[in-house]
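Student: I'd like to learn how to read a few features of a structure. Could you walk me through some?

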Amino acid sequence: MSDPGVQASLHKNLKTTLPRINNYINSTRFREVNLVDRLYPDSSSVELSHWALPGGSGAWEQWTFNTIVTQTFTPVSVGSSYGPTWTTHWFRLVFSIPDEWAGSEVRLRWASNSEAAVWSDSGQLLQGLSTGTSYMYRPNYTITTNHQVGQTGPYTLYVEMAANRLFGASGDGDNISPPSPDLYFTLSRAEIARVDQQVYKLTRDLEVLYQLADKLVDLGDQRGYQALYTANQMVNSIIAGQDSVASSLADEYFSKGNGSRAHTLAVMGNCHIDSAWLWPYTETKRKVARSFSSQLALMDRYPEHIFVASQVQTDRQSLEAQQWQWCKQYFPELWTRVKERVTEGRFIPVGGTWVEMDGNIPSGESFIRQFLLGQKFYQNELGITCKEFWLPDTFGYSAQIPAIMNHMGLKRFLTQKMSWSLVNKFPHHNFTWEGLDGSTVLAHFPPGDSYVMSVTVEEAVRTERNLQDKGRASTSAFLFGYGDGGGGPTQDMLERTRRLADTDGCPKATLMTPDQLFTQLESDEHNFCRWVGELYLELHNGTYTTHADMKRLCRRAELELRDAELLLSQAIVILGVTGVAQLLQESQVALEEAWQNVLLNQFHDVLPGSCIGMVYPEAQTMYQQAIQAANTVRDNAAAAIFGSSGEVTDVLVNTLPWPRVEVVTVGGNPTLVSVPSMGTAPPDPQTPASQVMLTEVDGTFVIENGLIRAEIDFYGRVTSLRVIGDDADHDVFQRPPGATSGEQLYGNQIVMYDDEPLYYDAWDVMDYHLETPLVLNDADVFLQSGYSVSSPVVVENTPLLCSVRWGVTFGSSTFTQDIQLTADCPHLTFLTSVSWGENRKIIKALHSTSLYTNSASFDIQFGHLERPTHMNTSWDSARYEVCGHKWADLSEPDWGVAVLNDCKYGWMARGHTLALSLLRSPKAPDDTADMGNHTFKYALLPHQGTLLEAGVVQRAYEFNVPILTIQAPPDRGLESWVRVLGQGVLLHTVKPAEDGLGEVILRMYECNGTRSKVTLALQWPVTSVKECNGMEEAGVDVPFVQDAGTTSIDLAFTPFSIKALRLTLQ
């Protein structure tokens, strides 16, 4: 039934009535006779002057507002252009408001085709502006909502213009193309204008009614026709000069409520700001300020408005802790106003992490530090502890995230990126997510599959219709606001939210906080299904490999910081809390800054390699600074432990929790040494159980050391690899007698593939790349023009170390490798140098083995994950490129082979083949990505028994964590500070507690996937042991025994579980 006063259109012609309504509010062709020109009935020019801030990207950070306004501003006019890219331009706007505009809202209208910000003449950042795109548009700033007679001015405002658009500075219209360095932006509008508020209301009313009609009629819903006829009648009334009648018709329509069982949309404003992506870090700092100030302005006008922000800096869907920190540092006045809204509960921190990091590549300890530093910032600065992990836009999610979240005291998780999967549609939007250790969290995916909603009817209806859990969940998140490049909600979005709050034909749009959303979901959780294991995104798997230097520096920094924290903890033991106080304070400041640098550069576009090129020199510098800081802390702690005066000599330090016998370089010579668990030893030469031997027979090099034996052919391929003493005579690369196929198998095949994705260049490796293999070290390849092999030569042949060098030149690249075996070492190492100059190619080290297995194991954070090697289902087939950390393994029940690496993350396991991705060469958004020189290493580790029995986890740590050489007095002998007695538990982290009280945190995880019991044996004077969580909050007491200077702690672990202890020392 129609509402009172509504008459159906004269003709049943949807094709004319529906577009008529849209034309009346949007068409510029008929603007003189529709509502377009009526919105701003009067306007006035402003007196405009300009000052160009000297310098390019980041130069603005050196200037304060008070200094800027004292510069010489030159008169300019609309129509002038400003640049080049990444520069900053300031405009002074002086204007008066006519008395004739009394009672009206007055806006500044600005169009510079770029990002900008409005400042008051007193230095208050008022609001951001964006006019560089046809969408995510914010062209106006409200000067007053009610101009008063006699307050004509003159007034002064300042506009800070950035010579870039919301999505960077691409010169060809494609956002992800590399930025153009010489863009100029034309100022096409700078004026003040009077707003007709009645027309604005009618425009929003007609907009929502048109959307209802357009969507619901298409769905065959008769309520769409009711919206259509109401809107049509409103247009007739407006044409008749009856604006108030038209307004009343809309009010009557929107007063009709929804049913009590209607689905509820938990509407939350947000602005996902990438900390760096198509712009550098320095521009993000201003994006944060523009976005935050815009939301504060809206809160002043819309008391119901709630805004969520995640990263301590800024992030897309909310803001990261890092982004909050930038706001505090660079915009202190804005920060004060933000804190006031936080206290009110309207500006809400979410996420709990330092940045919204990559979900696959960071180590388990890095994940924990993301939460630790993020929550610490929120607690100290805002008095808030985040209750949910908010990670909307990263490229897949590790199977250990639920365990890590539980360790940090979190049980709620939100993302939406799984909707991007290319092959399979994820079957849930609400589910219980079970991790590797059995820990569970409540996971929610907004069914609208987006965090940049604009609050349209189509989005609201799609959200409900797309929900995979109909009848199980009554509420769904609806995240609205401009994002990725920042901005957040607009006035138009909030007006549409009001109209859709309880409108028949749409789900209810209810403004909620994240806590209210998850509280409602928890009441429904008994209806939800369970998902076990990783959330594998079937897209963006090239990010495991792109920008290899980011991966190398990240892993190195993570492990260098680990070493530094261990030695600093030992310094506490040696000097006591009082004696170490100054060193501890200085070191913890340095370590926190180092960790912040590492965590920032784990952001989900920086570490994955999907940023523009100008981001990476700064990221490299920050990683290097973190590594240097870690080394300084380590050296200072070592000096405190061993003394720094008098005669000193080389002393070896093993930071891993088991004894090691390895070949290291001492005095420039390879030396076999032995160092105890987490302790020290002099570099006394050891006698190997068997010498390394290298022989050549008919062009094949045979290398063995009593543990393993390998054969290497003319092309650097491994043709045979086996464990010496294996009674079954298993050979990794030779098929057993009686095998159905007698072809030779090869390890260390260097294979290059075409790598041209559908669109996302830096992000994607498509499945069809596997159809284009080119084996670079194959006899047939060398017959091709432009390819040449350097014959293998022996470069080392000693009882402790033998090495063969080979290489290949191809295209614009060279590949050189030393294949090395050392005494008492169970793996064959490939020390690799590449000069890389290809265009859209990917290169892999591929090992075709004789093993028969249906699954492969991959190292991940605090554990390892099995994945199928077959393609039985579309889910299996889509995992053609996966993420792993330090190792991957193919095994039969009684033997196998592992591949170790020191800085790679992309893997393929298909059938009997295991491949490690080495380098890519995408051209967008960075057309220089990975070009240049690279050094890295990987190894082949054949083993008897299972990977657990072979100690693959331990060997991979050894491959990545070298024995250290420090200077100490010659009387310092063997020392073992910490031992783990028993199998299956890896003591990963030994660190001083964050609060600086001198207590020590030990973090361990069960690494074998079994129930394990161990005893920690510490040569420490311990007075108290308590369990603690990742936030280092002390829990229950843990029994311990002390005997003859040794503190023993018995511990039990379930598979892949994470535990932490907090120790108090004498």
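Tutor: Let's go through helix packing, one glutamine and some aromatic rings. Keep in mind that this is a predicted model.

Student: Helices first, then. What describes two packed helices?

Tutor: Two things: the angle between their axes and the distance between the axes. Here, take helix α3 (residues 197-218) and helix α11 (residues 457-466): their axes are 8 Å apart and the packing angle is about 45°. That angle makes α3 oblique to α11.

Student: Which residues of α3 and α11 meet?

Tutor: On the α3 side you'll find Val208, Gln211, Leu212, Lys215 and Leu216. They meet Val457, Glu458 and Val461 of α11. Sorted by class, this contact has 5 nonpolar, 1 polar and 2 charged residues.

Student: Now the glutamine. Is Gln588 buried or exposed?

Tutor: The cut-off to know is that buried means under 20% relative accessible area. Gln588 has 16% relative accessibility, so it counts as buried. You can find Gln588 in helix α15 (residues 581-600).

Student: What does the side chain of Gln588 reach?

Tutor: It reaches the backbone oxygen of Ala993, at 2.9 Å. Leaving aside residues up to four places away in sequence, Gln588 touches Pro992, Ala993, Glu994 and Gly996.

Student: On to the rings. How many aromatic pairs does a search of the whole structure find?

Tutor: The search finds 44. To name the arrangement of a pair, look at the angle between the ring planes: over 60 degrees counts as edge-to-face. Trp51 and Trp63 are edge-to-face because their planes are at 65°, with the ring centres 5.0 Å apart.

Student: Where do Trp51 and Trp63 lie in the chain?

Tutor: Trp51 is in strand β2 (residues 47-53), while Trp63 is in the loop between β2 and α2 (65-68). They are 12 residues apart, and the pair links distant parts of the chain. As for accessibility, Trp51 is buried, with a relative accessible area of 10%, whereas Trp63, at 26%, counts as partly exposed.

Student: Which residues form one aromatic cluster?

Tutor: Trp51 and Trp63 turn up again, among the members of a cluster that also includes Trp60, Phe65, Phe73, Trp90, Trp119, Tyr158, Tyr330 and Phe331.

Definitions and conventions
Residues numbered from 1 in each chain as written. Predicted model: local features only at pLDDT ≥ 70, side-chain atom pairs only at ≥ 80, totals over all residues. Heavy atoms only, no water. Axes fitted to C-alpha atoms, helices over the stretch in contact; angles between N-to-C directions. Helix = DSSP H or I, 4+ residues; strand = E, 2+ residues; numbered from the N terminus. Parallel < 35°, antiparallel > 145°, perpendicular 65-115°, else oblique. Contact = heavy atoms within 4.5 Å. Nonpolar A, V, L, I, M, F, W, Y, C, P; charged D, E, K, R; others polar. Buried < 20%, exposed > 50% of the residue type's maximum accessible area, 1.4 Å probe, protein only. Polar contact = N/O pair within 3.5 Å; in protein donor to acceptor, adjacent residues only side chain to side chain. Phe/Tyr/Trp six-rings, centres within 6.5 Å; stacked < 30°, edge-to-face > 60°.
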